[in-house]
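Me: Please take a close look at one part of this structure with me. I'd like to start from a pocket and then hear about whatever else goes with it.
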Amino acid sequence: MSIPHSRSMLAVLGLAASLSMAQQGIKPKPIERLDLLTYQPPAVYQDQMVVAVTIDTHLQLREALDLSESAWTERPGLGHNILQIKSANLDALTKLGVNPIIQIADLHAHTQQNWSALVEQERFEIENNIGAHRPALDFQRGGSAHDESWFSGYKQLSDIYAYMDTQVAAYPDLVTKADIGDTIQSRDIFSFTITAPDEPGNLAEDRPVIIWNGAQHAREWVSPMTVTYIASKLLDDSGSDPEVQALLSSIRFVIIPVLNPDGYLYSWSDERYWRKNRRDNPGSDEGVDLNRNWDSTEFAGAGTSSSFSSDIYHGGSPFSEPETTALSNLAISYGDDLVSHIDFHCFSQLILWPLGYADGLVTPEPDRTNFVNLSGDMSTLIESVSGEFYDPIQSWQLYPAAGTCSDWFYEDRGVTSFTLELRPDSGAFDGFNPPPSIILPTAEENWQAAKLFAARTTQAMSLSHTSIATFDADTPTPVFLTVNPGVSDVDPSSAVLHTRIGSSGPFEQVMMIPSGESTYTAHLPSTPCGQIAEYYFTADSLSGASFTFPEGGASDPLEALSQIMIVAFEDDMESSGNGWTVGQPSDAATTGIWERADPEATAAQPENDHTDSGSICWITDGDSGGSLGANDIDGGATTLTSPMMDATTAGEGAELVYWRWYSNDAGASPNADSMLVEISYTNGASWDTLEIVTENANAWVEKRFALPSDGTPLDQIRVRFIASDFNDGSIVEAGIDDLSIESIGCPGSPADINGDGELDFFDISAFLTLFANEDPIGDFNTDGDWDFFDISAFLTAFSAG
């Protein structure tokens, strides 16, 4: 894409104005932090509600917006919209014929309940020294500062900057912090540039630039949490993930977690659903919608308003706001090095690509095809990670909107620019304030999509592969390579698997065959148990560039250990009648009782079971009930007990394996409950604790526990899961799937009678003695007789090794 510069001068003048303010000695405002335990926000939403409406005409749209306090739809237009209104205006809205359906009947009470949850989260973090109250650590150079628990709750602006400052301290060679400008209220806007140190012939300043920004709109709290997570993972995985290492060696990531600091602070201190910045307009109406203030085609056109009170007020002129000026100046400063951009918003689960300023726009080729393919692949990747669907569409297909960030980056800078609308989906009744349990899964799925976006917009193509630690011995094992097209496509005949048994000798080249879109397959060789297979991949682009994964190739290959898996018990929960029981005398739960079901999704409960080809799991009432807390656990405990299991055939090293889902961080009493998991080796006569579950992964989590090897009988094992809710207002959901007892290793030969690891004369002698004495071990074929067939079976095993 070429980069036009027809509108660059205005941004340059804005930069000069920002420098002038600095030279005049205007001090930036401090980043305040509210004491949530004592602070009480003003009651600004009394006598207000939120409704969903269906709008058929532009006249209805204009009149409905006139009756609204705020539009909760990102781009109000014909069709489905969510509006915040005064309760007194419900009748007038009904008379418009837009069929208002109440989503939140009392917005004030709803907001107060959410505030109480924030307070409880704050108290929990203080008491447990986690999240924003994790003690300051003296990180070593290059040490990890990534903290998953930090993402268990929403964070104030000062917390976000403090977390990123920790990353800067922990990774001084990889990340630098910069002040890119001031807000309308003279607060600093910070960027964080993440890239690998200079390398010979590969200076950091020469690498292409990707910009990712969050929180243009103040109320969209999931956005800065997701952007911060992505920044944190880039750093945390920099020492262990070859894919991330390759990205950091070839890209400068410039990340602005919060583009609208004033508005974000105000959404915490005063109005939770504030959208705009904090410009002091004439009269009492404040704020400009930053995502209508960009100097793109048809500024002040469709999807904008000239009314100061409107949530989509475009401002007095393009780049009238220092926040948009700061980011546009930054983008311009990179010149041709800037290659792509994402603007993170919420909600509705969309991947929007330009152009979007008017109905019916056709993005020029080849950009349109590239945008369709990339957005579609990102959507597919997210769905494969979490099961969530993000709809990839051209932005005007949602609703036309002029003056947007993405249109400007594409038109003025000539770069790929997407708008990511994060979770929840468009059906959520409060999409701007979903439960905190949604933060981490949203961030995780978009982290994967962000890596794909980075590779595809900067590299000719990229290779990826999910490595395997072990594989089945004595049988060819398939491995898969994903070839991601970037600015060039792959030569389909060039994908090669390089593999060998052991760690020396030449690699065998195996041509890979297409096995799906962008996926190629070949097989590791049949390998004796206990030996390693080393391997790596190569492929070429149609433009002639060669790629290797991992980058080290033959000098640093991947390796996998051949093993034999013995499964003593397994249940994927897909069929009934396997001996599971629900309940025990002490159970008191009135709802959320364990059942085998295909779960219906809520913010606390999964939409799918864990089994790849299945749909059923044990769940604490699979029926969603129509709302978050309708069918969760209430009133006490509910117990799920396994059938009796015999682990003896798994031998030494046997493990109990299961996948669990657990959520207890929503509602008025978050993080107050737990799930007790116990094991019995006496068919239920006595029980030992395996784990007490409190984590809120809001994802299926695999757990493995080694069974005892101290002589404890392993033929009468039971496991039980006791999920409970003993606190008013808690939202507790749990699930169990894919339970097994298995061992992985290389069993010794049954002919190694003396157990010394060698097959020799001493084993033959020992066997013949046991055979002559009619010892049970001498009955080699275990048929109850000591005869020729035992000697034949022993000699066969001895010869086989």
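Predicted model: local features only at pLDDT ≥ 70, side-chain atom pairs only at ≥ 80, totals over all residues.
How many residues line the second largest pocket, and which of them lie nearest its centre?

Reply: The second largest pocket has 30 lining residues, and Leu381, Ser464, His465, Thr466 and Thr482 are the ones nearest its centre. Numbering runs from 1 along each chain as its sequence is written, and side-chain values use heavy atoms, without hydrogens or water.

A pocket here is an open set of points on a 1 Å grid over the protein atoms alone, with protein on both sides within 12 Å along at least five of seven lines, and lining residues have an atom within 4 Å of a point. This pocket holds about 960 Å³ of space, a volume being what is filled by probe spheres on points joined across faces, edges and corners.

A cavity is a set of points where a 1.4 Å probe fits but cannot get out. On that rule, there is one cavity of 30 Å³ or more, and the largest cavity comes to about 70 Å³. Around the largest cavity you'll find Arg33, Leu36, Leu118, Gln121, Glu122, Glu125, Tyr154, Lys155, Gln156, Asp159 and Trp268. Helix H4 (residues 107-128) contributes the most to this lining, four residues. The tally around the largest cavity is five charged, four nonpolar and two polar.

On to the aromatics: the whole structure has 38 aromatic pairs. One of them is Trp294 with Trp408, a tilted pair at 5.3 Å centre to centre and 45 degrees between the planes. (Rings of Phe, Tyr and Trp, the last by its six-membered ring, pair with centres within 6.5 Å; under 30 degrees is stacked, over 60 edge-to-face, the rest tilted.) This pair ties together distant parts of the chain, 114 residues apart: Trp294 sits in the loop between helix H8 (261-269) and helix H9 (322-333), and Trp408 belongs to helix H11 (residues 405-413).

Most peptide bonds are trans, and most residues other than glycine have a negative phi. The bond from Arg423 to Pro424 is cis, with omega near -5 degrees, and Pro424 is part of strand E12 (residues 416-425). Phe549 and Pro550 are also joined by a cis peptide bond, omega about -10 degrees; Pro550 lies in the loop between strand E21 (546-549) and strand E22 (558-571). Then there's Ser186, not a glycine, yet with a positive phi of about 65 degrees. Look for Ser186 in the loop between strand E5 (175-182) and strand E6 (188-194).

Notes. Helix = DSSP H or I, 4+ residues; strand = E, 2+ residues; numbered from the N terminus. Nonpolar A, V, L, I, M, F, W, Y, C, P; charged D, E, K, R; others polar.
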